[in-house]
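Let's take a friendly walk through a protein model, starting with single residues and ending with the chain as a whole. Keep the sequence and the 3D view open as you read.

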Amino acid sequence: MKKHIALAALAAATLAAPMMASAESTVRNGNGDATARLNFRVVVPRVLFLGVGTGAGNIGDATTRVNTVDRLTFNIPSADVGNGVGTAAQVVDVRVKGNSGQIALAANSGSLGPTNATSDVIPWGDFTMSSSDATNLAVPAVGTSINVAPDSAGGKLTERVAQWSFSYNNTAAIPAGRYDGQITYTASAP
């Protein structure tokens, strides 16, 4: 009985001890070589990063999240309301990075466009949106999605950087007010 208790205590102590790495060993008596092998494993996490505006440059630490939502403000002079003279473009930096293949980038909004206090709307179509690298990182139109292709030969690594420009076309006379709206960009990967 004492022998079984001692064996059970030894087994419990063995399981409770931290796992230690050990390499293979061989002993050679006389002539010849002795060899030992060691296995390696590297675990790389899946990474998907999207930064628009202030957050675009903050990729050095994958755990860092920038909670700043930039605001683009377009002020229309009273003499120009609805005359088709668009606003100067406002530019934001954009960065998409991933290590698991092609990235889908979608643009969505909870509204048809910016609205004022009396629910008047400026449609998203009244804004011009363009990219400094339309081939690799175009601006998706609201309600659509684009594919951001990998930039590595193996087809898994993607890092695209661009500047997106936004301007208000000012093509229609609209009621006075402050119009607010938001576009949410979402990156997803397989």
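Does R178 count as buried or exposed? R178 has 66% relative accessibility, so R178 counts as exposed. Before going further, remember that this is a predicted model. Its chain contains one helix and seven strands, and the pattern along the sequence reads α-β-β-β-β-β-β-β.

**Salt bridges**

- The count of salt bridges comes to four.
- R178 takes part in one of them: its side chain meets that of D180, with 3.0 Å from N to O.
- D180 also meets the side chain of R71 in a salt bridge, here with 3.4 Å from N to O. This pair links distant parts of the chain, as R71 sits in the loop between strand 1 and strand 2 and D180 in the loop between strand 6 and strand 7, 109 residues apart.
- Put together, R71, R178 and D180 are linked in a network of salt bridges.
- D180 has 32% relative accessibility, which lies between the cut-offs of 20% and 50%, so D180 counts as partly exposed.
- Elsewhere, E24 forms a salt bridge with R37, and their closest N and O atoms are 2.7 Å apart. Both E24 and R37 lie in the loop between helix 1 (2-16) and strand 1 (48-52), so the pair ties together parts that are 13 residues apart in sequence.
- Within this pair, E24 is partly exposed, with a relative accessible area of 32%, while R37 is exposed, with a relative accessible area of 60%.

- Look for an open sheet of three strands in the order 5-3-7, paired in an antiparallel way.
- Strand 3 (residues 103-108) and strand 5 (residues 145-148) run antiparallel and are joined by four bridges. Along this pairing, I103 stands opposite V148, and L105 has I146 as its bridge partner.
- Strand 3 and strand 7 (residues 184-188) also run antiparallel, with five bridges joining them. Here A104 has S188 as its bridge partner.

**The nonpolar core**

- Which residues have the most contacts inside the largest nonpolar core? They are L105, L137, V148, W164, F166 and Y185, in a core of 21 residues.
- Strand 2 (90-98), strand 3, strand 5, strand 6 (158-168) and strand 7 each supply at least two residues of this core.
- Strand 6 gives the largest share, four residues.

**Aromatic rings**

- Searching the whole structure turns up four aromatic pairs.
- F127 belongs to strand 4 (residues 127-131) and Y168 to strand 6, so the pair ties together parts that are 41 residues apart in sequence.
- Are F127 and Y168 buried or exposed? Both of them are buried.
- F127 and Y168 also belong to one aromatic cluster together with F74 and W124.

**The chain as a whole**

- How much of the chain counts as buried? Of its 190 residues, 23% do.
- Among contacts between residues at least 6 apart in sequence, 75% join residues at least 24 apart.

How values were computed: Residues are numbered from 1 along each chain as its sequence is written. This is a predicted model: local features need pLDDT of at least 70, side-chain atom pairs count only at pLDDT 80 or more; totals for chains, interfaces and linings use all residues. Side-chain values use heavy atoms; hydrogens and water are left out. Two strands pair if DSSP finds at least two bridges between them. A nonpolar core is a set of buried Ala, Val, Leu, Ile, Met, Phe, Trp, Tyr and Cys residues joined through side-chain atoms within 4.5 Å. Buried means under 20% relative accessible area, exposed over 50%, partly exposed in between (1.4 Å probe, protein chains only). Rings of Phe, Tyr and Trp (its six-membered ring) pair if their centres lie within 6.5 Å; planes under 30 degrees apart count as stacked, over 60 as edge-to-face and the rest as tilted. Contact means heavy atoms within 4.5 Å.
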